[in-house]
Amino acid sequence: MAMSIPKGRAAMATLVATEGSSPRTTGSRMWVDEEGSIVGSVTIGGCVDARVIEAASKALEDDTPALLAMALGDEDAFLIGMTCAGRIEVLVEPVDAGASSDPIVSALGVARAEVDAGRAAVIVAPLQGPPRRLVISEQVSFGTLGDDSVDRLATRLAQDMLEGGPSRIQEIPVDGESRRFFFERLAPPLSLVVFGATHVAMPLVSMAHVLGLRTVVVDGRDRFATRERFPDADEIMVGMPSEIAAGMSLGAESLVVLLSHDYKYDLPVLQVLLATDAAYIGVLGSRRRGPALLQFLESEGVPASQLARLRIPVGLDIGARTPEQIALSVLAEAVAVYHGHSGGPMRDREVTT
């Protein structure tokens, strides 16, 4: 959503489906204007993007959308960064990028405004027929797919995706036949909130920044929570940690880690955090002290369902010793939990076809 829209007429190419191991996610976009200028890519270059550029020029010439389905052999797949043969689909549509009345431009603007306001949005696009768009968020229903009954069904499906889940193709019955629609989920950036401006927090924030997470550091000590120690942090907050936690809006796109290693500070913060919908909550601590913390929270009336979400000791078991290794362990576990994975070895992962 951060990509700028070209001025004037342009073709928008959107990666809507992948089969195989792809370095790009569905929703990746490329713009090709009438002069042949290119912004973005649907893969990482090579033969696929070249074919998409050719299709984009034809879409502009004919003023007609096209859906490209490309089966890739091992050699072609390797050239674009896929580790094995696969198949991709790319939707190419002509867009009057300078006209606010264009349905695609209008939809992208509405979705961008929702994401900027901290809300997820789903854009629904037909994979055949005229270029139309429907945008659904918690507060917005914008546009149409051309049929009221299709809009209603697409809205229900989009609402189910707002809390999470990958962008994907869904089939919807239209005039007695099944048609395919691309449901693209857009959300505010995944955030990492770190309580405790410690020596582990410094590499953790730097690593999260590299991954594109929005990072927030919270500590009651202004001499530790400094820009010099955390140059990559998006926000540094100094004050009573439990009060700061109570004022935060933490949801499905939030990862939270407590690194103070001092339970008298951690406990009041945890009582706040466990009542939120944060996707991940981890605490630096030992196996010996962890049960004592859980028992105290239970005695304070924290429900068992909330306690079960708490990761203590925090991180994956990678034999971490240094602050940097511990930070890697913590971030790896947080990302795994966010994606609903166990964090085990890739070689033990079940092979799917």
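Helices (H or I, at least four residues) and strands (E, at least two) are DSSP runs, numbered from the N terminus. The model shown here is predicted, with local features needing pLDDT of at least 70 and side-chain atom pairs counting only at pLDDT 80 or more, while totals for chains, interfaces and linings use all residues. Residues are numbered from 1 along each chain as its sequence is written, and side-chain values use heavy atoms, with hydrogens and water left out.

**View 1. The largest cavity and the strands around it.** On a 1 Å grid over the protein atoms alone, a cavity is a set of points where a 1.4 Å probe fits but cannot get out, whereas a pocket is an open set with protein on both sides within 12 Å along at least five of seven lines; lining residues have an atom within 4 Å of a point. Grid points are joined across faces, edges and corners, and a volume is the space filled by probe spheres set on the points. Searching the whole structure gives one cavity of 30 Å³ or more, and the largest cavity holds about 50 Å³ of space. Its lining includes Met12, Thr14, Val16, Arg29 and Phe182. At least two lining residues come from each of strand S1 (9–19), strand S5 (86–96), strand S6 (121–126) and strand S10 (177–186), and S1 gives the most, with three residues. Sorted by class, the lining of this largest cavity has six nonpolar, one polar and four charged residues, where Ala, Val, Leu, Ile, Met, Phe, Trp, Tyr, Cys and Pro count as nonpolar, Asp, Glu, Lys and Arg as charged, and the others, Gly among them, as polar.

**View 2. The second largest pocket.** This pocket has a volume of about 630 Å³. It is lined by 24 residues, of which Gly118, Ser249, Gly251, Glu253 and Ser254 are the closest to its centre. The elements that give two or more residues to this lining are S11, S12 and strand S13 (235–238). By class, the lining of the second largest pocket has 11 nonpolar, five polar and eight charged residues.

**View 3. The largest nonpolar core.** A nonpolar core is a set of buried Ala, Val, Leu, Ile, Met, Phe, Trp, Tyr and Cys residues joined through side-chain atoms within 4.5 Å; buried means under 20% relative accessible area, exposed over 50%, and partly exposed in between (1.4 Å probe, protein chains only). The largest such core has 25 residues, and those with the most contacts inside it are Phe195, Leu273, Leu297 and Leu310. Among the elements that each supply at least two residues of this core are strand S11 (191–195), strand S12 (214–219), helix H7 (263–273) and helix H8 (289–299). Helix H7 gives the most to this core, with five residues.

**View 4. Backbone angles at aspartate 63, aspartate 175 and proline 313.** Most residues other than glycine have a negative phi, and most peptide bonds are trans. Aspartate 63 is not a glycine, but has a positive phi of about 55°; this residue lies in the loop between helix H1 (46–62) and strand S4 (66–72) and is exposed, with a relative accessible area of 53%. Aspartate 175, which is not a glycine either, has a positive phi of about 50°, lies in the loop between strand S9 (168–174) and S10, and counts as exposed at 71% relative accessibility. Isoleucine 312 and proline 313 are joined by a cis peptide bond, with omega about 0°, and proline 313 is placed in the loop between strand S16 (310–311) and helix H10 (323–338).
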